[in-house]
Structure formats: structure tokens, C-alpha cells
Amino acid sequence: MGDDSLVYYSSVGDFTEQNKSKEHELDYEKLYDEGTIFKQIQNYTKNVLLKKTFEGLNNNLRKQNFDYQYSGTTVNMIIISGKVLTCANVGDSRCIMATIESSHTESRKNGKDNSIISENTDHSDWKCIVLSRDHKPEFESERKRILGFGGRVEALFDTETHKQLGPYRVWLKDQNVPGLAMSRSLGDEVARKAGVVSDPEIREIELEHQDKFIVQGSDGIWEFMSNKEVIDIVIPYWKDNDPTTAC
């Protein structure tokens with residue numbers, strides 16, 4: 001992985017796309033298309049540009065002809081510029097990368113901000129590098145923000161057995177809505193009153209020759225499969241140059 005080209009990939013809910021960048025004027029009020037938001041990246045810091053883009057995406061939803069009060073989506077986006085991979089994530093979609101272990105895999109696992117971790121796989125010489133963090137409301141930093149907005153973070157419980165039913169969810173202070181099971185998203189207007197935000201969490205890592213493939217997916221995958229399981233499934237298809245069958 002890694003050359004002089006500029007490519008972005010994104011997973012929006014269950015929709016995934018890949019685009020090469022083309023030259024257009026930036027317009028944050030429009031949905032990103034054809035990779036144009038990165039053509040003028042030299043004029044902006046990456047973090048500011050990405051945050052403005054996600055803000056524009058969320059604002060654009062308010063202009064659409066559908067009810068976004070209780071509807072929304074996750075976004076997991078990666079940009080590969082030369083040898084640098086940047087991952088911007090909102091919600092509980094996830095991005096992982098498979099790498100062949102080298103003598104300094106451990107030294108790069110935490111990235112610049114101690115946020116990128118590596119995990120073992122069943123293939124002895126392979127590692128899984130986790131490039132994004134699921135935004136769950138029970139995480140301390142997310143919970144603190146939600147409580148600060150006057151929201152609640154609670155799970156549902158069976159009234160007879162008192163056992164927890166499902167994940168922790170976000171609720172308004174005095175109403176049992178919306179019950180969103182993530183702490184960041186695009187859309188979900190009612191949840192914003194309880195502290196759900198559309199700010200992306202951004203992580204960066206320098207790609208190396210032993211980095212072999214990337215998997216992006218929504219929570220429909222990660223709810224039932226571990227990172228290790230996904231990587232172990234894909235490795236044989238990667239060796240056969242058959243990503244379609246792997247999917």
C-alpha cells in the first residue's frame with residue numbers, strides 16, 4: 001500500500017464507495033462526491049477539512065425530503081495520500097487493516113495519539129490493526145458529553161428477570177426516546193438534544209509494505225464477528241486476489 005495517488009473509501013451504513021479525486025470547488029453544504037473535498041487539501045489542515053465536511057453532510061440532511069428526526073447513519077471514511085492513511089469515523093461502523101508482522105509492528109501499533117492498537121489473528125505472522133473506535137454511549141468520554149447535554153445513557157431491562165436487554169442507549173432526560181445505540185451519527189436530530197454529535201474521530205497511520213488489505217463494515221458485521229475472525233476469513237481470498245468472494 002502507499003504511492004503518490006490520492007484515494008478515499010467510505011462506508012456509510014451498509015453502503016460503500018470508492019472514488020478517485022477530481023478537481024472541483026469545495027462546497028461544504030453539498031454531499032461529498034468524486035473525492036473532490038480533498039483536492040484542495042493543501043489549503044486546510046486535514047482535521048479541520050474533515051470536520052467541516054461532516055458538518056456539511058449533517059446540515060445537508062436537514063434539507064432532504066425525508067424524516068431525519070429518528071433516522072440517521074454512520075460514516076467511516078479513509079483517505080490514502082501517498083503512504084499516509086487517515087481514518088475519519090462517526091458511529092459504530094469500523095475499519096481494520098491486516099498487516100504481516102514485522103520486527104517493529106508493536107512500536108507502530110499505538111500511532112501518534114496512542115489510539116491505534118493491534119490484535120493477534122489465527123495466522124501466526126498476521127496482525128490486525130484497528131483504525132477506528134466504535135462510538136458507544138457507555139464509553140466514558142462519550143457518556144460524559146451526553147450527560148452534559150442532559151441526556152441519559154441506559155440499557156433496557158427485563159422487568160421480571162431484571163436482566164439487561166441489548167446495548168446501552170441514548171435517551172432524552174425526561175422521555176424514553178430516541179434509544180439510539182451509538183453516541184455519534186449523521187442525522188438522528190432528536191438524539192442531538194441528548195448529546196449525540198456528528199464530529200468525526202480522526203486517526204492517522206503511515207502505511208508500510210507489510211500492510212496488505214483493509215476491511216470497512218457497519219455494525220451488522222462487528223456485532224456478530226470479531227476483528228480476528230474477519231481478518232482470518234479474508235486472508236485466503238487476498239492470497240488468491242479475490243476480494244469480491246471475500247465480501
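Met97 stands opposite Ile214 in strand S14. The model is a predicted one, where local features need pLDDT of at least 70 and side-chain atom pairs count only at pLDDT 80 or more, while totals for chains, interfaces and linings use all residues. Residues are numbered from 1 along each chain as its sequence is written, and side-chain values use heavy atoms, leaving out hydrogens and water.

Strand S6 (residues 94-100) and S14 (residues 211-217) pair in the antiparallel sense over 6 bridges; two strands count as paired if DSSP finds at least two bridges between them. S6 also runs antiparallel to strand S8 (residues 126-130), joined to S8 by 5 bridges. In S8, Met97 has Ile129 as its bridge partner. Because 6 of its 7 residues are buried, S6 is largely enclosed by the rest of the structure. Buried here means under 20% relative accessible area, with a 1.4 Å probe and protein chains only.

Next comes helix H1 (residues 46-61), whose 16 residues reach 23 Å from first C-alpha to last, close to the 22 Å expected at 1.5 Å a residue; that expected span is 1.5 Å times one less than the number of residues. Its buried residues include Leu49, Leu50, Thr53, Phe54 and Leu57. Among the elements covering the buried residues of H1 are strands S4 (75-81) and S5 (84-90), and helix H4 (189-192).

Stepping back, the protein has 7 helices and 14 strands, which are DSSP runs (H or I, at least four residues, for helices; E, at least two, for strands) numbered from the N terminus. Buried residues make up 45% of its 247 residues.

Conventions:
Buried means under 20% relative accessible area, exposed over 50%, partly exposed in between (1.4 Å probe, protein chains only). Contact means heavy atoms within 4.5 Å.
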